[in-house]
Amino acid sequence: MAKSRSKPRREEPTLFTAAMRHDPAAIRGTPLADRMRPRSLEELVGQPHLVGEGKLLGRAIAENRIPSMILWGPPGSGKTTIAHIVAETSARTHGADLTKFVPFSAVLGGVPELRTILDEARDARAYEGRRTILFIDEIHRFNKAQQDAFLPHVEQGTVTLVGATTENPSFAINAALLSRCRVFRLEQLQDADIVILLKRALADEVRGLGAGHFTADDDTLAAIAASAFGDARRALSTLEMTADHVRAAGGDHVTLADVAAASEKNPLLYDKKGEEHYNVTSAFIKSLRGSDPDAAIYYMMRMVEAGDDPLFVLRRMLIFASEDVGNADPRGLLVAVAADQAFRRVGMPEGLYPMAHACIYLACAPKSDGIKRAWTAAAELVRTRGALPVPKKLRNPVTGLMRSEGYGAGYQYAHDYDGHVVPGETYLPDEIADLSFYEPTEEGAEKAIKERIARIRSQKP
């Protein structure tokens with residue numbers, strides 16, 4: 001006997017609202033980023049590795065064979081949009097009456113509310129044949145107990161879970177739930193992708209700004225895209241805010257000056273492929289090399305404020321940590337790597353802290369180009385002398401034939417000797433056994449390295 005429901009069905013906000021059916025009355029007051037959210041795979045911009053022709057996620061959505069999934073990517077890359085497209089596709093295939101899209105925030109909601117949603121989803125499936133797509137934003141904020149609450153419902157198919165997270169699911173999602181979901185990694189949107197969305201917003205007279213007949217030149221749109229750091233929501237919000245500023249002034253053309261005025265700051269927007277980009281980048285590296293932390297942090301912020309990709313700046317510091325600091329302070333590379341990882345984890349603007357941390361550390365660190373000189377000298381010798389024979393004593397005698405040919409004969413195990421060094425032993429090919437590639441400096445930790453290497457080299461014949 002079917003059980004009776006003691007409480008009325010709770011109406012959830014769904015994707016299939018009047019706003020999504022282009023009702024102008026419902027659209028008014030909705031942020032531009034929400035209004036312009038792509039509604040189909042055809043409208044989706046970016047993520048070709050997931051939704052391009054023949055790709056798994058795009059094919060699954062198009063064929064409405066949607067598994068429970070975790071969408072992992074940076075802010076504004078399209079996680080929520082893909083969840084909405086999943087729901088739209090399901091509604092078109094099965095009918096809106098048989099598909100329910102339930103958005104849920106892991107920040108605002110708790111386990112009791114989640115259990116109510118899951119109970120209703122179970123009943124809807126059992127008694128009405130309705131499918132529930134449960135979209136959980138920031139799913140990484142759920143602790144293990146909260147994730148366990150909906151694990152059996154995912155396993156049984158009560159709901160199709162679409163979770164969105166900016167955190168690595170391997171750490172943020174418990175293993176049991178993760179094993180029941182497909183993980184799709186979204187990449188940061190390219191500037192060209194964001195420009196497409198901005199142009200679409202300017203042209204659309206129903207959902208966008210087209211009714212206001214706003215225009216903007218390509219440089220302005222490119223600058224807005226660059227300053228958004230791959231976040232489509234941020235770019236569209238900037239465009240909307242700037243359009244409001246222009247409208248209030250009685251105009252309809254959006255310029256760089258309007259963008260600066262609307263955001264209450266004067267961004268140093270420039271062509272990231274132009275001369276000034278290379279000038280500032282050069283000044284940044286040379287300030288680091290010259291051990292001037294004040295100039296280094298100044299030029300770093302010039303680059304960031306002008307719209308350069310912070311990951312470009314971090315890549316330059318990763319290179320610098322080995323090229324110009326090297327073994328004078330081996331921790332420099334660790335600091336640069338940690339800053340890169342920290343930025344990828346927290347994003348902007350908080351990611352500026354680890355960037356500034358690495359910048360100042362590298363500027364203040366002792367300097368050595370010994371690493372660069374060593375590998376470039378070795379590479380040049382390889383190019384000019386070719387592949388010289390490896391000494392037989394260093395070859396691995398894995399077969400009887402090899403042993404009979406003298407492979408491994410005469411090899412001396414370094415750990416059997418004082419200081420873990422075989423006095424007078426050489427390891428380079430015989431023809432170049434007297435050469436040296438790495439020449440440590442007197443700076444920082446390299447001073448001790450230089451003394452030790454000198455003692456070892458002095459024992460060679």
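These legends go with close-up views of one predicted protein model.

Local features need pLDDT of at least 70, side-chain atom pairs count only at pLDDT 80 or more, and totals for chains, interfaces and linings use all residues. Residues are numbered from 1 along each chain as its sequence is written, and side-chain values use heavy atoms, with hydrogens and water left out.

View 1. Helices (H or I, at least four residues) and strands (E, at least two) are DSSP runs, numbered from the N terminus. Of the 461 residues, 44% count as buried. Buried means under 20% relative accessible area, exposed means over 50%, and partly exposed lies in between (1.4 Å probe, protein chains only). Contact means heavy atoms within 4.5 Å. Among contacts between residues at least 6 apart in sequence, 73% join residues at least 24 apart.

**View 2. Five strands form an open sheet.** The order is β2-β3-β4-β1-β5, and the pairing is parallel. Two strands pair if DSSP finds at least two bridges between them. β2 (99-105) and β5 (182-185) are the edge strands, each pairing on one side only. From one strand to the next, the twist averages 15°. Strands β3 (131-137) and β4 (160-165) are joined by 5 bridges. F135 has V162 in β4 as its bridge partner. Helix α6 (111-128) packs on the sheet and touches β2 and β3. The direction of α6 makes about 170° with that of β2. Axes are lines fitted to C-alpha atoms, for helices over the stretch in contact, and angles run from 0 to 180 degrees between N-to-C directions.

**View 3. The largest nonpolar core holds 27 residues.** A nonpolar core is a set of buried Ala, Val, Leu, Ile, Met, Phe, Trp, Tyr and Cys residues joined through side-chain atoms within 4.5 Å. F284, L288, V313 and M317 touch the most other members. Two or more residues each come from α14 (275-289), α15 (293-305), α16 (310-325), α17 (331-346) and α18 (352-364). Helix α16 gives the largest share, 8 residues. Beyond its neighbours within four places in sequence, F284 is in contact with A296, Y299, M300, M303, V313, M317 and C359. A second, separate core has 26 residues, including I194, V195, L197 and F214.

**View 4. A356 sits in helix α18.** Leaving aside neighbours within four places in sequence, A356 is in contact with I297 and M300. A356 and M300 are 56 residues apart along the chain. Their C-alpha atoms are separated by 8.2 Å.

**View 5. Helix α12 runs over residues 232-248.** Its buried residues are A232, A235, L236, T238, L239, E240, T242, A243 and V246. What covers them includes α2 (32-35), α10 (191-203), α11 (218-227), β7 (253-254) and α13 (256-262). At the start of α12, a side-chain oxygen of D231 reaches to within 3.0 Å of the backbone nitrogen of R233. Just after α12, G250 takes a positive phi of about 85°.

View 6. A cis peptide bond joins M348 and P349, with omega about 0°. Is Q47 buried or exposed? Q47 counts as buried, at 4% relative accessibility. S291 is partly exposed, with a relative accessible area of 36%.

Notes. The expected span of a helix is 1.5 Å times one less than its number of residues. A polar contact is a pair of N or O atoms within 3.5 Å; within protein, one must be able to donate a hydrogen and the other to accept it, and residues adjacent in sequence count only if both atoms are side-chain atoms.
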